[in-house]
Amino acid sequence: MDNFVHSDLHQGNIKVRKSIVQTSEGIYEDKYTIVFLDCGIVTTLNKEDKQNLKDLFKAIITNDGVKAGRLMVERAKYERCSQVKGGIELFSEGVGEIVSEFHDRRKQGLTLGVVRIGTLLSRVLDLCRIHGVEIDPAMSNIVMSTLVLEGLGRCLDPDANLFDIALPFVLGFGRV
């Protein structure tokens, strides 16, 4: 991946191009390409931030929410939950519950039509606020971009399976 995150995503900066392609079986299908406009405001992640994000997503994808919570605390530039007895455990268990709920929805199909990433992220951000775990500004841009792209993805293909899409990237095999 090119390590650029568009930091000004809104409906005026995203276009969807539709084309018709012929499959190897001779069937014509619609193909959609997402085009990002006005990329003047971008964020890049340094090597450490990229590894932190990859580790966090890996913990989430493998349904280890408690680990994801601990990683968030350990790698936060500022946090105050370690100053409260049991604070890290409370925060980590809270993240664990959210991640487990996310995975429980896989029974219904882990699709954009079923899962509301924005709601889940909002709950994680509430936990961060309550327990004093600071979100790095670079990561907050990724959160915002994710929310915008979730809505776009739901409009284009509500049956897209998030697990199937994300796993190759988290394991390092994905290509854009």
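Trainee: How do you know that the length of helix H3 fits its 18 residues?

Mentor: Start with the expected span, which is 1.5 Å times one less than the number of residues. For the 18 residues of H3, residues 87-104, that comes to 26 Å, and the end C-alpha atoms are 26 Å apart, so the two agree. Keep in mind that this is a predicted model.

Trainee: And which residues of H3 are buried?

Mentor: The buried ones are Gly87, Phe91, Ser92, Gly94, Val95, Gly96, Ile98, Val99, Phe102 and His103.

Trainee: What makes Ile98 count as buried?

Mentor: The cut-off for buried is under 20% relative accessible area. Ile98, in helix H3, has 6%, so Ile98 is buried. Leaving aside residues up to four places away in sequence, Ile98 touches Leu120, Arg123, Val124 and Leu127. As for Lys67, 31 residues from Ile98 along the chain, the two C-alpha atoms are separated by 12 Å.

Trainee: Why is the pair H3 and H4 called roughly antiparallel?

Mentor: Look at the angle: H3 and helix H4, residues 117-131, pack at about 175 degrees, with axes 10 Å apart. Angles over 145 degrees count as roughly antiparallel, so H3 is roughly antiparallel to H4.

Trainee: Which residues meet where H3 and H4 pack, and what kinds are they?

Mentor: From H3 you have Gly87, Leu90, Phe91, Gly94, Val95, Ile98, Glu101 and Phe102, and they meet Leu120, Arg123, Val124, Leu127, Cys128 and His131 of H4. Sorted by kind, the residues of this contact are nine nonpolar, three polar and two charged. Gly counts as polar in this scheme, so Gly87 and Gly94 of the H3 side go in the polar group.

Trainee: What makes Asn46 a cap for H1?

Mentor: A side-chain oxygen of Asn46 lies 3.1 Å from the backbone nitrogen of Glu48, at the N-terminal end of H1. A polar contact needs N or O atoms within 3.5 Å, so the 3.1 Å of Asn46 to Glu48 falls inside that limit.

Trainee: Why is Asn52 called buried?

Mentor: Asn52 lies in helix H1, residues 47-61, and has a relative accessible area of 15%. Buried means under 20%, so Asn52 is buried. The buried residues of H1 are Asp49, Asn52, Leu53, Ala59 and Ile61. The side chain of Asn52 also has a partner: a polar contact of 3.0 Å joins it to the side chain of Arg75.

Trainee: Is Asn63 buried, partly exposed or exposed, and why?

Mentor: Partly exposed, because its relative accessible area is 38%, and that class lies between the 20% and 50% cut-offs.

Trainee: Why does Arg80 count as partly exposed?

Mentor: The reasoning runs the same cut-offs, 20% and 50%: Arg80 has 36% relative accessibility, so it counts as partly exposed. Arg80 lies in the loop between helix H2, 65-74, and H3. Not counting residues up to four places away in sequence, Arg80 touches Arg129, Ile130, His131 and Gly132. Gln22, on the other hand, is 58 residues from Arg80 in sequence and 57 Å away in space, C-alpha to C-alpha.

Trainee: Which residues of H5 are buried, and what covers them?

Mentor: They are Ala138, Met139, Ile142, Val143, Ser145, Glu150, Leu152 and Gly153. The cover includes strands E1, E2, E3 and E4, along with H1 and H4. H5 itself, residues 137-156, reaches 29 Å, close to the 28 Å expected for 20 residues.

Trainee: How does the whole protein look, in numbers?

Mentor: There are six helices and four strands, in the order β-β-β-β-α-α-α-α-α-α along the sequence. The C-alpha atoms fill a box of roughly 65 × 40 × 25 Å, and buried residues make up 34% of the 176.

Definitions and conventions: Residues numbered from 1 in each chain as written. Predicted model: local features only at pLDDT ≥ 70, side-chain atom pairs only at ≥ 80, totals over all residues. Heavy atoms only, no water. Helix = DSSP H or I, 4+ residues; strand = E, 2+ residues; numbered from the N terminus. Buried < 20%, exposed > 50% of the residue type's maximum accessible area, 1.4 Å probe, protein only. Polar contact = N/O pair within 3.5 Å; in protein donor to acceptor, adjacent residues only side chain to side chain. Axes fitted to C-alpha atoms, helices over the stretch in contact; angles between N-to-C directions. Parallel < 35°, antiparallel > 145°, perpendicular 65-115°, else oblique. Contact = heavy atoms within 4.5 Å.
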